[in-house]
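Hi,

Here is the structure I said I would pass along. Have a look at it, and then read my notes below.

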Amino acid sequence: MQWLALQLPVVCLTGCSLLKAGPSDVTGFVPHPELLAEHRERAPFHGYWVADPAAHERLRLSLRKVYLRPVSTDIATARYRTPGGGEGKRDRVEEVEELARYFRERLRLAILAHGNPEFQVANEPQADALPVELALVDVEPTRPAVNLAGTAAGFVVPGGGLIKTFGGGFVAMEGMVTDPVDAAVLEAFRDREGSKKAPATIKDYRRYHHIRVALDDWADQLAELLCTPAGHRVEDSLPFSINPL
């Protein structure tokens with residue numbers, strides 16, 4: 001038993017990549033998506049690219065300011081904007097737009113909380129502020145009814161809890177930092193996250209709680225990415241949670 005207790009953390013850490021969501025389809029929000037690849041030594045995303053790390057670092061240090069554009073939802077909500085969508089689809093569009101506003105504000109607060117007083121967030125576009133453009137490109141909410149059925153089945157049928165595998169949601173984002181003068185892409189990234197695994201959590205029974213956790217993680221990671229030099233490694237978030245709320 002003692003040997004097992006010592007091995008569990010190792011198993012958890014080495015298995016993290018197996019529990020994380022796979023990459024999303026390329027949408028074209030970021031120009032030249034073929035340039036993006038995994039660079040875990042810098043960013044914890046499925047895709048990352050920087051045009052010229054040294055030049056980008058000089059520009060970042062000289063400006064020390066970013067402007068967060070409103071997070072785009074056009075790609076994520078395109079499937080709900082078809083004729084005859086009905087009330088349900090209009091509600092889904094509004095929900096995704098609210099997530100986008102939450103993501104932008106959460107990133108703003110994360111940058112301010114990063115502890116770099118010389119790094120500022122501009123309230124409007126400025127010639128001396130690096131524009132950060134983000135998009136939610138796919139949003140699939142958690143399915144509470146499926147998760148509830150899976151939880152109930154787990155008490156009755158061995159392995160019945162696996163039904164919850166089909167109830168998890170996910171969210172995908174793409175983004176880039178551009179030159180404030182000529183709008184050239186200086187840095188780009190894309191990622192996709194699913195529901196965090198947990199022994200028991202009420203997030204499984206709320207449509208967007210898992211997604212907000214993913215947005216929180218991205219906000220912290222992006223804030224660290226924007227505020228640190230090119231040689232700094234931004235760590236990935238864990239694929240599981242012990243917080244039931």
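Before the strands, one term: two strands count as paired if DSSP finds at least two bridges between them. With that in mind, S4 and strand S5 (residues 170–178) run antiparallel and are joined by eight bridges. If you want a place to start looking, Val132 has Val177 in S5 as its bridge partner.

Strand S4 also pairs with strand S2 (residues 65–68), this time in the parallel sense and over three bridges. There, Val66 stands opposite Leu130 in S4. How much of S4 (residues 130–140) is buried? Nine of its 11 residues are, so the strand is mostly covered given that buried means under 20% relative accessible area.

Keep in mind that this is a predicted model. The mean pLDDT of the protein chain is 79, with 71% of its residues at 70 or more. Residues 1–18 have pLDDT below 50, and beyond near neighbours in sequence this stretch has four contacts in the model. Another stretch to treat separately is residues 144–167: pLDDT stays under 50 there too, and the model has 31 contacts for it beyond four places in sequence.

Next, the cavity search. Over the whole structure, one cavity of 30 Å³ or more turns up, and the volume of the largest cavity is about 30 Å³. Which residues line the largest cavity? They are Val26, Gly28, Val30, Pro33, Leu36, Glu174 and Arg190. By type, that lining divides into four nonpolar residues, one polar and two charged.

Finally, a couple of backbone angles. Most residues other than glycine have a negative phi.

- His32 has a positive phi, near 50°, and is not a glycine. His32 sits in the loop between helix H2 (16–19) and strand S1 (47–50). Its relative accessibility is 52%, so His32 counts as exposed.
- Ala183 is not a glycine either, yet its phi is positive at about 65°. Look for Ala183 in the loop between S5 and strand S6 (185–194). Ala183 counts as exposed because its relative accessibility is 52%.

That's what I have for now. Over to you!

Cheers

Terms used:
Residues numbered from 1 in each chain as written. Predicted model: local features only at pLDDT ≥ 70, side-chain atom pairs only at ≥ 80, totals over all residues. Heavy atoms only, no water. 1 Å grid on protein atoms, 1.4 Å probe; cavity = no way out; pocket = protein on both sides within 12 Å on 5 of 7 lines; lining within 4 Å. Points joined across faces, edges and corners; volume = space filled by probe spheres on them. Nonpolar A, V, L, I, M, F, W, Y, C, P; charged D, E, K, R; others polar. pLDDT = per-residue confidence, 0-100. Contact = heavy atoms within 4.5 Å. Buried < 20%, exposed > 50% of the residue type's maximum accessible area, 1.4 Å probe, protein only. Helix = DSSP H or I, 4+ residues; strand = E, 2+ residues; numbered from the N terminus.
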